[in-house]
Amino acid sequence: ERLPDYWNMIYGDRHYDLMGYLGQRQLYMLDIGCGSGRALKRFTELGWLVDGVEPSSLAIKRLNDSWKAEEFPDIYEGYFEEVNLDPGYSVVYCEQVLSHMTNLERNLRKMCNLLVPGGLIFIEEPNDYSYLQRRVVERKLNKPEYWLTEDHVNYGSFDFWTTQLKRAGFQILDCQATWPMEWFVLSGDNYFGDDEVGKVCHEKRYRMLSSLDYRKRVELGRFFARIGIGRDVVILAQKK
């Protein structure tokens, strides 16, 4: 929330990524784990119809407080596997949510069934057990497997996430990666346990990315994905 311009840039890029495959199809998105509505709000501004699923009543309250009543999307409170939804979405959007899900394959198949023929799924998840994470540990800049957290049940890099999507009935269209934040740690700006250093690193990331245009950011993200060093896995896949 300190850098709204950063998130506007990121969601704007993802809008163009999706539009490149959707064409003239209706822009109807389901955001699973929508939180307080950061992505939903931006996609609405870009012309999308949006629905959300969110288990946190606190997050939904924040969403309620920040949206004008006449713009308010349909928000289904509860865990994704528990809510009843009608199919018909052109996009299912999952930002940092699949790593929290048990019964991952079953939930991905449910997402696939909610999409129209040829519909898209967009995921962003941690790129864990990655090359740069291992370098951080080898240089003793953090403890072994420091990326393990109490609220994550799925861990992996690109091979893991693409395999899960394929098993659930998707074909992979595009793989990108977010900025490799471990670069900062390895170059001397160790933000682990230091929020002030973390804020500075985040601002540096924004300044570097915003100096590029959309196409260059996409090319850079694809390059990071090819060599496996981005902080997060970003995958766009299509219902077969």
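In this predicted model, Lys61 has a relative accessible area of 48%, so Lys61 counts as partly exposed, because that value falls between the limits of 20% for buried and 50% for exposed. Its partner in a salt bridge is Asp65, with an N to O distance of 3.0 Å. Asp65 has a relative accessibility of 58% and therefore counts as exposed. Both residues belong to helix H3, which covers residues 57–66, and they are 4 residues apart, about one turn of the helix.

A further pair within a helix is found in H2, residues 38–45, where Arg42 and Glu45 are separated by 3 residues, again about one turn. Their side chains form a salt bridge of 3.2 Å, N to O.

Which residue forms a salt bridge with Asp128? The partner is Arg231, and the closest N and O atoms of the pair are 3.7 Å apart. Asp128 has a relative accessibility of 2%, so Asp128 is buried.

Salt bridges with shared partners also join Arg14, Arg38, Glu95 and Glu124 into one network. In total, the structure holds 14 salt bridges, including the Lys61 and Asp65 pair and the Asp128 and Arg231 pair.

Definitions and conventions:
Residues numbered from 1 in each chain as written. Predicted model: local features only at pLDDT ≥ 70, side-chain atom pairs only at ≥ 80, totals over all residues. Heavy atoms only, no water. Salt bridge = Lys/Arg side-chain N within 4 Å of Asp/Glu carboxyl O. Helix = DSSP H or I, 4+ residues; strand = E, 2+ residues; numbered from the N terminus. Buried < 20%, exposed > 50% of the residue type's maximum accessible area, 1.4 Å probe, protein only.
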